[in-house]
Each structure stands twice: as C-alpha cells, then as structure tokens.
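This report concerns charged side chains and their surroundings. The sequence and the structure are shown first.

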Amino acid sequence: MGDGTGHVSRVADNIESIQLGMADELLRHVGDLADDPKATAPQLCYVVHRMAESLRDVTRTARSREARLPVPAYDDDPEEEVDEEEEGDEERGTDRGRTS
C-alpha cells in the first residue's frame, strides 16, 4: 500500500527473510535425510509436511511481491504483434502470406 519503507513493510521483510532462511535450512536437512538409508517413514513424512509449509510460505511471499510490481508499459505477447501486423496489411490491401 505504501512506498515499502514503513514499519509494516520492514516487519514483513523481516518475516520473509526468516521464512527464506528456514527454507534453506530445511532443504539442507531434507538432503541429509534423503541420503540416510536409516531414515524412517515417519521422519520422511514429517519432513515432507514441513516442506509443504515452507513452500506455501515462499509462494505466498512471491505472489504478494508480484502483485505489487508495476504493470509493464509494453506487451510481450508475440501473437498479438503478428495479429496487429496482419490487420495493418489488410487495411493497406496487402497480404504478406500470399504470393502473386
């Protein structure tokens, strides 16, 4: 809502930083557990649940940040550009696809 420098923004940034740090630690732990032939089903189930929680946090953060991005002033849709070019050709009475 604001310029991203207020108290609430700083608190949110801090929480996001903590969540990302926890996700990094979890990834290391998952790697170790996956490599351990003695890992039990309950241990693996527990870590999968923690991974799901972490992934939810990270995607929520990404979506929130994406929603705050400015809308680009240009359009990246190449299909639309082709359609506009074809419309311009029709208005001029030309057709690039046809050979005479």
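## The pair R50 and E53

E53 is partly exposed, with a relative accessible area of 35%; buried means under 20% relative accessible area, exposed over 50%, and partly exposed in between (1.4 Å probe, protein chains only). Its side chain meets that of R50 in a salt bridge, at 2.9 Å from N to O. A salt bridge is defined here as a side-chain nitrogen of Lys or Arg within 4 Å of a carboxyl oxygen of Asp or Glu. R50 is likewise partly exposed, at 26%.

Both R50 and E53 belong to helix α2 (residues 41–67), where they stand 3 residues apart, about one turn of the helix. Helices (H or I, at least four residues) are DSSP runs, numbered from the N terminus.

## Basis of the model

The model is predicted: local features need pLDDT of at least 70, side-chain atom pairs count only at pLDDT 80 or more, and totals for chains, interfaces and linings use all residues. Residues are numbered from 1 along each chain as its sequence is written, and side-chain values use heavy atoms, with hydrogens and water left out.

## The pair D57 and R60

The whole structure contains 2 salt bridges. One of them joins R60 to D57, with the closest N and O atoms 3.2 Å apart. R60 and D57 are 3 residues apart in helix α2, so about one helical turn separates them. R60 is exposed at 51% relative accessibility, while D57 is partly exposed at 23%.

## E16 in helix α1

E16 lies in helix α1 (residues 7–35) and counts as buried because its relative accessibility is 12%. Leaving aside residues up to four places away in sequence, E16 touches T61, R65 and R68, a contact meaning heavy atoms within 4.5 Å.

Terms used:
Helix = DSSP H or I, 4+ residues; strand = E, 2+ residues; numbered from the N terminus.
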